[in-house]
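Hi,

Here is the structure I promised to pass on. Have a look at it first, and my notes follow below.

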Amino acid sequence: MEALIRELIPHAPQWGLFVAPEIPEARLRGALADYAQGVAPHEVLALYDATLMGTGRDGAVFLRDRFVFQNLDLEPPQTVRYEDLVGVELKRRLLGGRRIVLQVNRGRATFTLSMDFSGRPKAAPYVARFLQEAMLRAPSAPEAPATQTDREAVQAVLQQLLETGKLSRRDYERLLEVLRSG
């Protein structure tokens, strides 16, 4: 993702876009303290600062495997893995603003999130293009056949773990026994 970020997200401070290693320390601290708590500074590959005052307290941080964003202080922060994206659409807002509508799939649930670019609409097309490409290039989990039961799916994963050496034969047999008795 690092190469993709460098290719598709410009370092454009006038639009609130910053690419490592040129992310201003104060903006990065603001983002990490406000909405991206738990993210280490060295993990951040790019930052979108949605604030007009340059505090970094609203916007997004982009990492290798995911991104974290918050539109307003009143909204909870959102963390989205690139592999969970199933749709990215750039939309215009009234009065010239922009937003990116994200379709996110986690397990058996798909839901919609929206990233607001009202304050800095020129950044939106670059972020949308990056997220579209990240969605297409992210590794995805193999789809289970629609006719497979949950028990069969668990058994298939256990078999895969056994074959790759991540599970011993003894543990495999014990887990199968638990699965059959449950």
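Before the strands, a word on terms: two strands count as paired if DSSP finds at least two bridges between them. Helices (H or I, at least four residues) and strands (E, at least two) are DSSP runs, numbered from the N terminus. Do keep in mind that this is a predicted model, where local features need pLDDT of at least 70 and side-chain atom pairs count only at pLDDT 80 or more, while totals for chains, interfaces and linings use all residues. Residues are numbered from 1 along each chain as its sequence is written, and side-chain values use heavy atoms, with hydrogens and water left out.

**The sheet**

With that in place, β3 (residues 59-62) and β4 (residues 66-70) run antiparallel and are joined by 4 bridges. The link between β3 and β4 is a hairpin of 3 residues. Within this pair, G59 sits opposite Q70, and V61 has V68 as its bridge partner.

Zooming out, the open sheet has 5 strands in the order β1-β2-β3-β4-β5, with antiparallel pairing. β1 (17-19) and β5 (78-81) are at the edges with a single partner strand each, so one side of each has no neighbour in the sheet. On average, neighbouring strands are turned by 15° against each other, direction ignored. (Axes are lines fitted to C-alpha atoms, for helices over the stretch in contact, and angles run from 0 to 180 degrees between N-to-C directions.)

Two helices pack on the sheet. Helix α2 (residues 25-34) touches β1, β2 (46-49), β3 and β4, and its direction makes about 85° with that of β2. Helix α3 (residues 124-137) touches β1, β3 and β4, at about 40° to the direction of β3. Contact here means heavy atoms within 4.5 Å.

As for the other pairings, 3 bridges join β1 to β2, with F18 opposite L47. Between β2 and β3 there are 4 bridges, and L47 is partnered by V61 in β3. β4 and β5 also share 4 bridges, with F67 facing V80.

**What is buried**

I call a residue buried under 20% relative accessible area, exposed over 50% and partly exposed in between (1.4 Å probe, protein chains only). Both faces of β2 are covered, with A46 and Y48 buried on one side and L47 and D49 on the other. In β4, R66, V68 and Q70 point one way and F67 and F69 the other, and all are buried.

**Cores**

A nonpolar core is a set of buried Ala, Val, Leu, Ile, Met, Phe, Trp, Tyr and Cys residues joined through side-chain atoms within 4.5 Å. The largest has 33 residues, and F62, F67, L102, M115, F130 and L131 have the most contacts inside it. α3 gives the most to this core, with 6 residues. Another core, of 14 residues, lies apart from it and includes F18, A31, L32 and V61.

**Lining residues**

β3, β4 and β8 (109-116) each supply at least two residues to the lining of the largest cavity. On a 1 Å grid over the protein atoms alone, a cavity is a set of points where a 1.4 Å probe fits but cannot get out, and lining residues have an atom within 4 Å of a point. Among the lining residues are Y48, G59, Q70 and M115.

Cheers

Technical notes: On a 1 Å grid over the protein atoms alone, a cavity is a set of points where a 1.4 Å probe fits but cannot get out, and a pocket is an open set with protein on both sides within 12 Å along at least five of seven lines; lining residues have an atom within 4 Å of a point.
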